[in-house]
Amino acid sequence: MDTQTRIVEIVRQVSGKPIDPAPDESLFESGVLDSFTLADLVSALEQEFSLTIPDSDLSPRKFDSVARIQAYLQSRT
Amino acid sequence: MAYLRAFGSALPARIVDNAELGPMVGADPAWLLHATGIGQRRFAEAGETVATLGIAAAKDCLSAAGIPAAEVGFVIVSSGSAEKRFPGPASTIAAAAGIAGKPAIDLPMASAGSLFGIALAAQLAPRYGHVLVVASEIMSRVVRMHPAGRDTAILFGDGAGACLVSNETGFAEIVDSVLATDGDFAEALRLDFDAPLYMDGRSIILQASRKLPRVIGEVLERNHVKASEIGTFLMHQANLNLMTRVAQALGVPAERFFCNIARYGNTSSASLPIAAAEWWNGCEKPLRAPIVLAAFGAGLNWGAMLARPV
C-alpha cells in the first residue's frame, strides 16, 4: 500500500466517514476533520508510520490535506 | 509544606442562556448547546469589573477558610481580561478585601493563570503563611458579540474564583506541580490591544490534547501515583470534549473530571477555582483520595498539580 493510500485510510478511520478526498482537498473546510479528530489523526499517523511528531510540528496547516500530510511525512524521512 | 485550605467563587447574577446569546452571534440556540456543551453562562453587569468580581471571590474564599483577611500574607491575582494596562486588579482586590500592606501581584495570564498562581503560592506559603490566589475574568467584553465573532463568543463567560494556600494546614497537601510554557504558539490564543480575542481553535485543541495528558502523567509518575488512584480531576473548564479526551488518554472515567462548563462556559483563568469551589462545597469530607488540578491556555502555558488528603 503506498503512502497516500495509507493516509487516506487513516483519515477514513479517524473521521468515521467513507470519504475519498482529492489530494489537495482541505480536510477541515470539507468537514472531514475537526479540532478533535485532528488530534486523533496525528496519533494515528505516528502509529502507522512509526514516528513521533514533536509538538513544534503540530500546525494544523501541515495536516490540512492528504498532499500536505504526505509532504510532511516525506520531510521526516 | 503548603496546603489547599479553601476555595471560593463569585459569579455575576446575570444568566445568559443560549436563547439570548444565539441572536447576538447569529447562531441557533440548539446548535450552540450541541456544539459547545454550554447551556448558559454569566455576563457581568455594567458596574461590575474584574476587580469587583475578584473581591467577592476573595471574601468568599476567606469566609470558607475561616481566616481573617488581616492574616493573609500574600495575594496573587490572575486575569487575562483586566481593564487596565496597569495597575492590575491585585492591589485593588487586596485593599477591598481588607488585606492591607501585604504584597499583591498580578499574573496577566489567561486560562492557566490560576494554576500557575496556586503553584507559586505553594512556594511562597512557607515564608508568607496564608497566600490568597484570586482569578477573575470578564470575557464577555473581550469577545466579539457578532456573527463574525461567533466561534469564540459562544465559548466564554464571566466569573471569579479564589484559593487559599496555607503553610499551616488545609484539606489537602500540595505534593508537587509541573508547569510548562511553549512560546512557539503564543499567537494562537491572544488578546491584542483594541482588538477582540483571537483563538486558533484547531491549534489550541491539538496542543492541549497532547500536552495535558502528558503533564498530568508526568506529575503522577514522578510521585508514584496512578491515574486510577485520583479521586477528582479539577481542570480548567475550556471544553467538554477536551476533558473527555484527557480522561480517555489517562484511562480514567470521564466522571472523575469535575465539570460545570454547561452552566458557566469557559471563564478562562477563573474556571479552575470556580469549579474547585463547587466541587469542594459538595464533596465528601474529609477527602479520601488525591486530587489533580490541571490547566492549559494562552502562552502557551500549561501544567498539573497533585495534592493529597491530609
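Within chain A of this predicted model, mean pLDDT is lowest for helix 2 (residues 35–48), at 92, and highest for helix 3 (residues 66–75), at 95, among the elements of the chain. Chain A as a whole has a mean pLDDT of 92, and 100% of its residues reach 70 or more.

Turning to chain B, the fold is built with 10 helices and 14 strands. Its radius of gyration is 18 Å, close to the 19 Å given by the globule rule for 310 residues, so chain B is as compact as a globular protein of that length. The C-alpha trace of chain B spans about 50 × 45 × 35 Å along its principal axes. Of the 310 residues in chain B, 54% are buried. Among contacts in chain B that link residues at least 6 apart in sequence, 79% are between residues at least 24 apart.

Some backbone details of chain B are worth a look. Most peptide bonds are trans, and most residues other than glycine have a negative phi. The bond between Phe86(B) and Pro87(B) is cis, with omega about -10°; Pro87(B) sits in the loop between strand 4 (72–78) and helix 4 (90–97). Another cis bond runs from Gly299(B) to Leu300(B), with omega near -10°, and Leu300(B) lies in the loop between strand 13 (291–297) and strand 14 (301–309).

Asp194(B), not a glycine, has a phi of about 60° and belongs to the loop between strand 9 (189–190) and strand 10 (198–199). With 4 other C-beta atoms within 10 Å, Asp194(B) is exposed. For His224(B), phi is near 60°; this residue is in the loop between helix 7 (201–221) and strand 11 (232–235). His224(B) has 7 other C-beta atoms within 10 Å, so it counts as exposed.

Note on methods: Residues numbered from 1 in each chain as written. Chains lettered and ligands numbered in written order. Predicted model: local features only at pLDDT ≥ 70, side-chain atom pairs only at ≥ 80, totals over all residues. pLDDT = per-residue confidence, 0-100. Helix = DSSP H or I, 4+ residues; strand = E, 2+ residues; numbered from the N terminus. Rg over C-alpha atoms; globule rule 2.2 N^0.38 Å. Buried ≥ 20, exposed ≤ 12 C-beta atoms within 10 Å, placed from the backbone. Contact = placed C-beta atoms within 7 Å.
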